Number of protein chains: 2
Amino acid sequence: MPETSAPEKLSSFRLAGWSAERLDQIEQALSGWVACPTAAPAPAGLGDAMRYAVLDGGKRLRPLLVMAACEAVGGNPQAALRAACAVELIHAYSLVHDDMPCMDNDVLRRGKPTVHVKFGEAQALLAGDALQALAFEFLTPDDGSVDAATQAGLCRMLASAAGFQGMAGGQAIDLASIGLPLNSAQLHEMHRLKTGALLQASVMMGASCGPASTAVRKALHDYGAAIGLAFQVVDDILDVTADSATLGKTAGKDAAQDKPTFVSLMGLQASKDYAQQLLARALEGVDRLETGGLENTEALRALADMLVNRHH
Amino acid sequence: MPETSAPEKLSSFRLAGWSAERLDQIEQALSGWVACPTAAPAPAGLGDAMRYAVLDGGKRLRPLLVMAACEAVGGNPQAALRAACAVELIHAYSLVHDDMPCMDNDVLRRGKPTVHVKFGEAQALLAGDALQALAFEFLTPDDGSVDAATQAGLCRMLASAAGFQGMAGGQAIDLASIGLPLNSAQLHEMHRLKTGALLQASVMMGASCGPASTAVRKALHDYGAAIGLAFQVVDDILDVTADSATLGKTAGKDAAQDKPTFVSLMGLQASKDYAQQLLARALEGVDRLETGGLENTEALRALADMLVNRHH
């Protein structure tokens, strides 16, 4: 029997159990809230396209980050569940629009035909648009479950992370940079906006579901920045090391399109080292939370580790 | 000198002056807030596309409705200005996406090349997405100018009006109905969602910037529903009676595409009569506001009249 250190065993056991329970909640909420045919029917096939885009077995990394951060600060779980689903809707809509012929023209996503292949381009465009609006509906329930200040703050953070100074801005840089020799600073800036902003917002939205001191917010901010960047570095690594079946999307696409990546800029081994450095930086943020007296931080730690050491 | 009744003279004079002042505020706010190059630069040409889509001399009917409703209830003008701009951003993004080749494939909008013609399809897609996000940023300032409950309520109303049970849902019906013989109920439902929801939300968002009794909200709700529908009836009339130069967009398109319209369903004269009936219904809502003691209602009255009796 191989020897495993106790903390490692404990940590990996906890993440599996912790995630399973939260993923159940998230899937149930998304399934019940996203254009559910019995609850809030969407007209003319729009609901089908929206549900196809969202209820597709994604990793739900962003929702898990929201919930982990909320639990670390002892926040309102109902607010966190709504925030978790809202962030996932923004992520899902961005994938739908990214895959369209005028953008990446991808036909495969998570092993299934992309939304525009399945439902047509016009419906895909509308479904993405409707998913973005729905995210803000999720954040603003009228049932007293989430106080108004939290609702407003969540909307503010999500809108900023999704918009021109966040995800959409990063995509515009991406679009403009195909075939161009970006330097390291430019590549970092593109990914800070394109992928990092929403991952970091997931953490900060979770934190905003409860009370958090300035020091706690700063530690979570640094954690979010590190994993946001690490996620993209790992994505770039997997694009050259994994196959399409494992990834559930077309592998090797960045290189084929001559897109600048961390691997093309730094090389494969240096990229792997960089991802581990970013993981260490994220975990240092969690250390500070613990030094500050927060106890429920294992999930944040384990999610960072999983995100960097994932294989797809 | 032709005799004109005093109230009519007063009313038309007031709308021109009232609108000019508010339009100044709206244009200034949009110009300063939408990806302003000096304030909040958007990367890689995205800001240019966003500004082109928004700062184009639209009629700003929705923003004026927000401000008129806010003034009727004596609401917070700063909240109303933000809500006004947010509604216009949603309207502007919907036009950008609607014009794209996979939707209406329109090359002319307000007399200028559409966004995708000018900036390319990918940038148009991103600009629309970023404008939607920006709308919710506008609604959630962090400067204490708008209380959190108002912010949350505004986000809730706008998200609902823009999403699958509002504008996006109406567009999905529109998409699915080309060449199909819609009956009157189906045509009404399509337009209630596609155009009506956002117009009605403009009125209700303005009302939510201040205190409003249930009776006041109901009267404004009825007003908003009537003008929301009237707007589309008039649009359908103008599509067959006006030329492209006057409209600033391609005239006769609905008929050419065999899209169901009020005119194709009811005939031209009956459509004109219907528009006047809807105007009367809207004004009856304003009467109830006045009976209830509200005084600043002239703008709501004049806007309804202008909307129905417009020529473009």
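## A tour of the two chains

Start with both chains in view: chain B superposes on chain A by a rotation of 180° with 0.0 Å of shift along the axis, at an RMSD of 0.0 Å. The two copies are thus related as by a two-fold rotation axis. Keep in mind that this is a predicted model. Now colour the interface. Of the interface residues of chain B, 100% are also interface residues in chain A, so the copies meet through the same surface.

**Stop one: a helix pair.** Select residues 77–98 of chain A, helix α4, together with residues 121–138 of chain A, helix α6. Their axes come within 8 Å and cross at roughly 165°. Angles over 145 degrees count as roughly antiparallel, and α4(A) and α6(A) are therefore roughly antiparallel to each other. Their crossing is left-handed. To see the contact, show side chains. On α4(A), pick Arg82(A), Cys85(A), Ala86(A), Leu89(A), Ile90(A), Ala92(A), Tyr93(A), Val96(A) and His97(A). On α6(A), the partners are Ala124(A), Ala127(A), Gly128(A), Leu131(A), Gln132(A), Leu134(A), Ala135(A) and Phe138(A). Colour them by type and you will find 13 nonpolar residues, three polar and one charged.

**Stop two: an enclosed helix.** Next, select residues 46–54 of chain A, helix α2: seven of its nine residues are buried, so the helix is largely enclosed by the rest of the structure. The buried ones are Leu46(A), Gly47(A), Ala49(A), Met50(A), Tyr52(A), Ala53(A) and Val54(A).

Most residues other than glycine have a negative phi. Asn105(A), not a glycine, has a positive phi of about 50°. Find Asn105(A) in the loop between α4 and β1 (108–109) of chain A. Is Asn105(A) buried or exposed? Asn105(A) has 12 other C-beta atoms within 10 Å, so this residue is exposed.

Then switch to chain B and select Arg60(B), whose phi is also positive, near 60°. Arg60(B) sits in the loop between α2 (46–54) and α3 (61–73) of chain B. Arg60(B) has 21 C-beta neighbours inside 10 Å and therefore counts as buried.

Back in chain A, select Glu298(A), in helix α15 (residues 298–308).

Key. Residues are numbered from 1 along each chain as its sequence is written. Chains are lettered from A and ligands numbered from 1 in the order in which they are written. This is a predicted model: local features need pLDDT of at least 70, side-chain atom pairs count only at pLDDT 80 or more; totals for chains, interfaces and linings use all residues. Axes are lines fitted to C-alpha atoms, for helices over the stretch in contact, and angles run from 0 to 180 degrees between N-to-C directions. Helices (H or I, at least four residues) and strands (E, at least two) are DSSP runs, numbered from the N terminus. Angles under 35 degrees count as roughly parallel, over 145 as roughly antiparallel, 65 to 115 as roughly perpendicular and the rest as oblique. A crossing is left-handed if the near helix is turned anticlockwise from the far one by less than a right angle, and right-handed if clockwise. Two residues are in contact if their C-beta atoms, placed from the backbone, lie within 7 Å. Ala, Val, Leu, Ile, Met, Phe, Trp, Tyr, Cys and Pro count as nonpolar, Asp, Glu, Lys and Arg as charged, and the others, Gly among them, as polar. A residue is buried if 20 or more other C-beta atoms lie within 10 Å of its own, exposed if 12 or fewer, and partly exposed in between; C-beta atoms are placed from the backbone. Copies are superposed by least squares on the C-alpha atoms of residues with pLDDT of at least 70 in both.
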